[in-house]
Amino acid sequence: MGDVREQAFMERIHRGEKIEATDWMPDEYRKLLIKLIHMHGVSEIMGAYPEKEWVPKAPNLKRKLAIMAKVQDEVGHGQLLLRVVEDLATPFGKTRDSLIEDIYLGKVKFHNVFHMEAKTWADAGVIGWLVDGAAIINQAALLETSYAPYARVLKRICAEESFHMQHGENIVLALAMGTEKQKQMLQESLNYWWESLLFFFGPQEVTPAAERMLYYRIRTKTNEELRQKFLDKYIPRIRSLGLTIPDPDLHYDEVENRWHYRTPDWNQFSLIVTKNQGPKSQERIEFRRQAHEGQSWVREAMRQTSVTTG
């Protein structure tokens, strides 16, 4: 019976149909979705921290309001995604609270870029322009995912992320057209983030888990396909600002129709993601623990109010 149901399920996938939360699905499919969307949701929440640090330090009121709105959006994206995960993970006894607790219990990873330090205002711009730009490329590809609830949430997230990217681009353009000191700060920021941006898309080889996600059409593009799309889009834009990309090996191969780049230290970045050994990893994870545990009384009060009024 299980084989028959899985065959029917895969026929739906191959026809391009979307799977709903109430539909039958193989356990492997469910677990792969939980792993991917949980990391995505947590990354959105932890991604608010590098820019949150710049809310009180933004150069003027307009910049302060813009980056504050962006931080609020990112946390909202995380909550939307964790709601999708909660539906999937209910059979395993997981709640929204426990999904967030997994961050400081070391049970879920988040993207390498959000372990890094945002030392200057230029970093805030590069995060918005290039990190969010990379995220849009990743998320736009996931709009074709076979899981309908994820695809629906991603439509809203991608729309809002495009505004975030434009916000970062505006900061970068202002610095690129500014003083020599501002231009130098921007170049130093690009130097700092470049390898992290390449690693953002994940390893070059297709892992067994990635193969299964492609099989189920949870994902439709490989890491390297997405990285090449990012390079196609952003290398000309970066160079047009008079910035130097910190990679002497970077060049485009006309025969292969792909960019060749200096391979980042995959082991170093893997340690950042899997062992939380980044420059800001432990500090931000502790902030998340304090926020979650410190506000537990608010969540409990809301639950009690809902029960009473319901």
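Q: Which is the crossing of α2 and α9, left-handed or right-handed?
A: The crossing of α2 and α9 is left-handed. A crossing has that name if the near helix is turned anticlockwise from the far one by less than a right angle, and is right-handed if clockwise. This is a predicted model, in which local features need pLDDT of at least 70 and side-chain atom pairs count only at pLDDT 80 or more, while totals for chains, interfaces and linings use all residues. Residues are numbered from 1 along each chain as its sequence is written, and side-chain values use heavy atoms, leaving out hydrogens and water.

Q: Why is α2 called roughly perpendicular to α9?
A: Helix α2 covers residues 27–46 and helix α9 covers residues 208–215, and they pack at about 115° with their axes 10 Å apart. Angles from 65 to 115 degrees count as roughly perpendicular, those under 35 as roughly parallel, those over 145 as roughly antiparallel, and the rest as oblique. That makes α2 roughly perpendicular to α9. The axes are lines fitted to C-alpha atoms, for helices over the stretch in contact, and angles run from 0 to 180 degrees between N-to-C directions. Helices (H or I, at least four residues) and strands (E, at least two) are DSSP runs, numbered from the N terminus.

Q: Which residues make the contact of α2 and α9?
A: On α2 they are Glu28, Leu32, Lys35 and Leu36, and on α9 they are Ala209, Arg212 and Met213. Contact means heavy atoms within 4.5 Å. By class there are 4 nonpolar, no polar and 3 charged residues. Here Ala, Val, Leu, Ile, Met, Phe, Trp, Tyr, Cys and Pro count as nonpolar, Asp, Glu, Lys and Arg as charged, and the others, Gly among them, as polar.

Q: What makes α8 and α10 roughly antiparallel?
A: Helix α8 and helix α10 (residues 223–240) pack at about 160°, with their axes 12 Å apart. That angle falls in the antiparallel range, and therefore α8 and α10 are roughly antiparallel to each other. Their crossing is left-handed.

Q: Which residues of α8 and α10 meet?
A: Leu190, Trp194, Leu197 and Leu198 of α8 meet Arg227, Phe230, Leu231, Ile235 and Ile238 of α10. The contact has 8 nonpolar, no polar and 1 charged residues.

Q: Why is α8 called roughly perpendicular to α11?
A: Helix α8 packs with helix α11 (residues 266–275) at about 75°, and the axes are 11 Å apart. That makes α8 roughly perpendicular to α11. The contact joins Glu195, Ser196, Leu198 and Phe199 of α8 to Trp266, Phe269, Ser270 and Val273 of α11. These residues divide into 5 nonpolar, 2 polar and 1 charged.

Q: How do you know that Gln187 is buried?
A: Buried means under 20% relative accessible area, exposed means over 50%, and partly exposed lies in between (1.4 Å probe, protein chains only). Gln187 has 13% relative accessibility, so it counts as buried. Gln187 lies in helix α8, residues 180–200.

Q: What does the side chain of Gln187 reach?
A: The side chain of Gln187 reaches the backbone oxygen of Thr244 at 2.7 Å. Leaving aside neighbours within four places in sequence, Gln187 is in contact with Leu243 and Thr244.

Q: What makes Asn276 buried?
A: Asn276 has a relative accessible area of 14%, so it is buried. Asn276 sits in the loop between α11 and α12 (281–294). Asn276 also has a positive phi, about 55°, although it is not a glycine.

Q: Why is Pro149 called buried?
A: Pro149 is at 13% relative accessibility, so it counts as buried. Pro149 lies in helix α7, residues 148–176. Not counting residues up to four places away in sequence, Pro149 touches Ile19, Glu20, Ala21 and Val84. Pro149 and Val84 are 65 residues apart in sequence and 6.7 Å apart from C-alpha to C-alpha.

Q: How do you know that Gly125 is buried?
A: Gly125 is at 0% relative accessibility, so it counts as buried. Gly125 belongs to helix α6, residues 121–142. Apart from residues up to four places away in sequence, Gly125 touches Gly168, Ile171 and Val172.

Technical notes: Polar contact = N/O pair within 3.5 Å; in protein donor to acceptor, adjacent residues only side chain to side chain.
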